[in-house]
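Subject: Structure handover

Hello,

Here is the structure I promised to pass on. Please open it next to this email and read along.

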Amino acid sequence: MTTASGQRRASRWMEDYFGSASFDKALPKRIYDDIHRQQFRAEILVAVVQLAVVAVFTVMYLATPSSFAPDAPVRATPLGLSLFGILVAVRLWFAATGQLNRWLLAFFVFAEMAVLMFTIWAYHLQFESQPSLYLKSTGLFYVFIMIALRSLRFDPLWVLLSGFTAAVGWIILTVYAVVTAPSNPVTWDYVTYMASSQIHPGGEFDKVLAIVMVTVVLSLALARARRFLVQAVTQTQAATDLSRFFDREVAERITGADLSARAGYGEMRQAAILFIDMRGFTKLAATLTPPELIQLISEYQRLLVPVVQAHGGSIDKFMGDGIMASFGAVTPSEHYAADAVTAVDAILAAAERWKAERSAANKPAPNVGAAIAAGEVIFGVIGDENRLEYTVIGDAVNLAAKLEKHTKAEAVRSLTTVEMLDLARQQGYAAADTKKILRQRDVAGVVAPLDLAVLG
């Protein structure tokens with residue numbers, strides 16, 4: 001039992017820190033696909049940077065005078081750059097065409113480091129010297145560059161593969177240099193090591209240890225970064241999904257808040273509240289099939305929601321065929337009333353065009369009614385800790401709902417109070433047409449008569 005428990009803990013640790021494929025695929029598919037797309041772009045970036053490095057080194061090689069004999073048996077640098085460039089170009093093609101699976105990528109990571117090791121090994125042939133020469137060359141620096149380039153992709157597996165391939169490769173190079181040395185290849189004296197062709201085992205061990213340590217540190221850093229990447233993608237997807245259930249401004253407020261939302265939180269605002277309703281919806285619902293009804297509501301909402309948002313409004317909720325929106329509640333505004341009245345004008349114009357298009361197609365073409373009211377409201381969170389909702393509360397909300405119902409009694413499409421219309425004009429609303437005024441109207445649920453303005 002203890003062994004099995006330890007294995008499970010080790011497996012979880014590996015999944016948490018080294019991001020296995022099974023761990024990724026345990027994520028929701030849309031999040032896994034998003035991470036996969038980011039990793040794809042990262043692989044393209046790795047290849048492009050590697051090709052840029054090849055190009056820089058090629059220019060440097062061509063611009064630097066040769067320090068080896070013209071008849072050298074091997075020209076290590078151009079050979080290595082050519083092989084490496086071909087490998088990277090082929091890998092880039094596989095990546096760009098979507099054929100670069102994990103096994104192919106593993107082959108390329110291994111092969112690219114192997115080419116570098118081969119190039120370093122070939123230095124002693126190029127300079128026609130003992131193999132120990134390459135152990136003191138600057139080729140080791142390129143090993144670290146290669147490992148570091150692998151960190152451009154948020155996957156520690158490839159850093160580990162590249163780094164441990166390099167470590168094993170350097171051990172092989174060291175062993176080869178010792179075995180093929182003509183005589184007395186090893187010294188423990190550092191000065192002798194630096195001034196001769198002899199090999200210092202401790203110095204080569206330090207190089208291997210440095211490769212391993214850099215690999216491990218980079219892998220752990222990438223593993224942590226990968227976890228943050230998964231969290232970031234998950235939260236981004238959650239914010240995107242949230243914006244489909246909440247108004248965009250509300251979703252941004254929830255995801256960008258310093259503290260988590262809690263029931264009872266509220267802010268006082270001066271705002272305008274808009275209610276929109278589809279006329280005759282109940283009768284239509286009795287005559288249409290469920291798919292036709294859903295299509296009708298979807299068309300209606302797709303038509304009017306962008307209009308509301310284009311004029312600074314925030315959708316508070318959908319109530320069947322009704323839409324409730326606010327202006328200046330989610331984000332304070334100095335022209336909330338003007339925005340609301342302008343939005344109603346645009347809504348009525350859009351609804352008329354929609355009605356004409358549906359009539360021309362021999363489809364049910366309902367009218368749309370709307371009403372707005374302005375005043376002090378509370379914008380905040382209601383509900384319990386397990387089910388919260390951002391909404392607006394206040395007399396303006398209640399009045400807007402009652403005015404929307406009263407439009408039917410007055411046989412008009414849209415109403416507001418004269419006081420609200422005057423406020424909108426003070427804030428910059430300037431419609432060309434003169435609004436009809438209805439004096440001292442009794443509105444159901446309102447104690448005193450109101451002076452109303454017909455907006456359309």
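Below are notes on a pocket, some salt bridges and a surface patch.

First, the ground rules. This is a predicted model, where local features need pLDDT of at least 70, side-chain atom pairs count only at pLDDT 80 or more, and totals for chains, interfaces and linings use all residues. Residues are numbered from 1 along each chain as its sequence is written, and side-chain values use heavy atoms, with hydrogens and water left out.

The pocket

The largest pocket has a volume of about 680 Å³. Here a pocket is an open set of points on a 1 Å grid over the protein atoms alone, where a 1.4 Å probe fits, with protein on both sides within 12 Å along at least five of seven lines. Lining residues have an atom within 4 Å of a point. There are 29 of them, and Phe 57, Tyr 61, Thr 77, Tyr 123 and Tyr 142 lie nearest the centre. Helices H3 (29-63), H4 (76-96), H5 (102-126) and H7 (139-150) each give two or more residues to this lining. Helices are DSSP runs (H or I, at least four residues), and strands are E runs of at least two. By class, the lining has 19 nonpolar, 10 polar and no charged residues.

Salt bridges

The whole structure holds 16 salt bridges (a side-chain nitrogen of Lys or Arg within 4 Å of a carboxyl oxygen of Asp or Glu).

Glu 204 pairs with Lys 207, with the closest N and O atoms 3.3 Å apart. The two are three residues apart in helix H10 (residues 201-245), so about one helical turn separates them. Glu 204 is buried, at 2% relative accessible area (buried means under 20%, exposed over 50%, partly exposed in between, with a 1.4 Å probe and protein chains only). Lys 207 is buried too, at 15%.

Asp 277 and Arg 279 form a salt bridge at 3.1 Å, N to O. Asp 277 is buried at 11%, and Arg 279 is buried at 15%.

Asp 451 and Arg 439 meet at 3.3 Å, N to O. Asp 451 is in strand S8 (residues 450-454) and Arg 439 in strand S7 (residues 436-441), so the pair ties together parts 12 residues apart in sequence. Asp 451 is partly exposed, at 25%.

Salt bridges with shared partners also join Glu 43, Arg 91, Glu 112, Arg 150 and Arg 153 into one network.

The patch

Ile 171, Val 175, Val 178, Val 179, Val 186 and Trp 188 make a nonpolar surface patch of about 560 Å². Patch residues have over 30% relative accessible area and no salt bridge, and nonpolar side chains are joined within 5 Å. Val 178 lies in helix H8 (residues 156-180).

Best wishes

Note on methods: Patches are made of residues with over 30% relative accessible area and no salt bridge: like charges are joined within 9 Å, nonpolar side chains (Val, Leu, Ile, Met, Phe, Trp, Tyr) within 5 Å. Accessible areas come from the Shrake-Rupley method with a 1.4 Å probe; for residues, only the protein chains shown count as cover. Grid points are joined across faces, edges and corners, and a volume is the space filled by probe spheres set on the points. Ala, Val, Leu, Ile, Met, Phe, Trp, Tyr, Cys and Pro count as nonpolar, Asp, Glu, Lys and Arg as charged, and the others, Gly among them, as polar.
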